[in-house]
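Subject: Structure for you to look through

Hello,

Here is the structure I promised you. Please open it beside this email and follow along.

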Amino acid sequence: MTAALARPIHLRYAAPSELAAAPLQSSVRLSLDSARGPVGVRGTVRDAALFRDAMVTLATLLESDLRYKGRDRTAYLAYLMKQGKKATAAIWEAQKAYLEGALGGGAAGQGDGSPGARKPAGALDPVLTVHPDEVAIEVFSRDESAYARLAFASDLFEGREAAHGTAFVDLSPRIVEQIDRLRVYTKVELDAGASRAPGGAAPAAPPAPIERSLEVPATWLRGFLQVQSAATLPAVSCELAPIDLYNALFVLRTRKAKKPPRGLRFELVPGKPPRLILEPWEILLEGHGPPYEGPPRVVRTFGRQRLLALSRLLPHVRSARAELRGPGLPVFWVLDLGRATLTVALTGWTDASWASAASFDALMPRDGEHGGALDALAGRQLALLRERGPLPLAALAAGASAEDARAALQLECLRGRVLYDVARRVYRPRELFAEPVDEREIRYSSPREAAAHRLLAAPGAVRPTKVHEIAGEGTEIHGEVADREAHRSFSPRFTVDLEGRVSDAWCSCPTFRRSGLREGPCEHMIALRVAYARERAARDAQRKTAEGRALIRAETRTYVRREASGAEVVYRVSLDDRVVHLSWGARGKEDPRHQRIWFDTDGEARDAYFKRLDALTSSGFVDAEASTA
């Protein structure tokens, strides 16, 4: 089943959000979608500066769009027309329409506000949820690269009155600009609600309601729900001091990377504070937070440039926590702001491209994998959350295994009815829509991705044939895809660079021969990308057992160790049948040392290979293989 093109959404606001300022008092009135019933919160803000800076930061993440934008050449075309050159008015108008519609004019929350106004495809308005212990606002950036959840604790509001529930909130650029100019030395009141909160009085002459319709792209909705599904996966977390975050932002603000890789590397050594390394300059930032507790590892993350949006919150940050999940999955940053908490999930791409299909493949249930038992467990968990409120995973297992409980909750996250609170590590009920999202509608981002999974469903139809590690560039992957409907086989190939992006793609199918990548990747490339990711994950799981190690005939692992001087030693060990290849030296050194050792049998080479890895681990080296997150 292919994904729908868009989901129609109709929003009705009682009035536009606004800020009413008086000499001694300011009132922030946020309008909520009235279709969701009596939802709202009212109270006096105890820390107005925190409220202002957090709301502006949230709006910055919402409006962030790092997609490539074409240059506006309308003025130049007008000049050519005056000169009598060949530049027709049709070209001028077409370019203006493209720039306005595709690159800036289709965002939700920026319409004319007229009743029944039909908006082009755009992102959802922010989602506000009133819980018994907090008020949270969720946003997802327009380029599908950043998710943020801002939670205000109940004690931030004096005289808090609330009606629990979920609704969309009008957070237009106009109200954000007004909040940015909020006078924090006066009394500030928050009044958010589509209808009156308990104890409130209705206005004498309410303004005319604002109705707006928009088409939410299925790809955007898919990314929004999948990021929340990724939050449920186990993670490696490390604590950072506020000065660590400041140092990283200072480096990013004062330097511009002109070549890849552009990652932010975490060096996690048990008993020591986390270290941050910024690529490609290899700038080492020593951590000042609590010591890391967990297995040693090196994790490379991407999407670091979006961290600059957090600069305004630095005066309020008490501590920061980074949660690192699997390769290619979002990195979650949790900022403790005292009476507020900001959770930001950053991906390494914009407009979740086909390269990300392999990363999020693990987040979607396989066809036929979740049956009635899993659905029944998910239903019991949802009922328990609605009855008792936020609960950890252990309290929601209900006699089932932790894996089944997590899978059921992950399913509810994809349906938009459950949210995993990364900051508190609990699950919360949150109804994104009045009706749950059918996970089959967002399963695939395009018909070609659906066709790719059809190919993957056939045993042995998609298999990687050659994997070449290209030093300094990435990994080149070749494969064979047997398309039974086409009654022939195809040979796709592509290169995954150091930042996880796909380049130099090619396939022998008619689709690629006709249009290349202008119409997007063919189903054979997508199938090979997902198959390679699955094979790599299975191999990593197998190599932890003696039986799995016995099947390994070719593999390369990279280990690193930070010396007292700050220099980093890189040790690369490769197994190729009966040959073990060693390469070591300081990072960035042009001529590392090499050694090749030949053995009589592949078993002897394999034993020597793993003994070498164990010796490196005992010497303080950390496994940096598969470190991309």
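Two strands count as paired if DSSP finds at least two bridges between them. Keep in mind that this is a predicted model.

Start with strand β29, residues 568-576. On one side of the pairing list is strand β30, residues 579-586. β29 and β30 pair in the antiparallel sense over eight bridges.

The hairpin of β28 and β29 has five residues between the strands. In it, Gly566 takes a positive phi near 100 degrees.

Is β29 largely enclosed or open, and why? Seven of its nine residues are buried, so the rest of the structure largely encloses β29.

Now the nonpolar cores. The largest has 71 residues. Those with the most contacts inside it are Met55, Phe152, Phe266, Trp333, Leu335 and Leu342. Helix α1, residues 48-63, gives the most to this core, with 10 residues. Another core lies apart from it and has 41 residues, including Leu124, Val127, Phe168 and Leu396.

Leaving aside neighbours within four places in sequence, its contacts include Phe51, Ala54, Met55, Arg339 and Ala340. Asp133, Glu134, Val135 and Phe157 are also in contact with Phe152.

Best wishes

Note on methods:
Residues are numbered from 1 along each chain as its sequence is written. This is a predicted model: local features need pLDDT of at least 70, side-chain atom pairs count only at pLDDT 80 or more; totals for chains, interfaces and linings use all residues. Side-chain values use heavy atoms; hydrogens and water are left out. A nonpolar core is a set of buried Ala, Val, Leu, Ile, Met, Phe, Trp, Tyr and Cys residues joined through side-chain atoms within 4.5 Å. Buried means under 20% relative accessible area, exposed over 50%, partly exposed in between (1.4 Å probe, protein chains only). Helices (H or I, at least four residues) and strands (E, at least two) are DSSP runs, numbered from the N terminus. Contact means heavy atoms within 4.5 Å.
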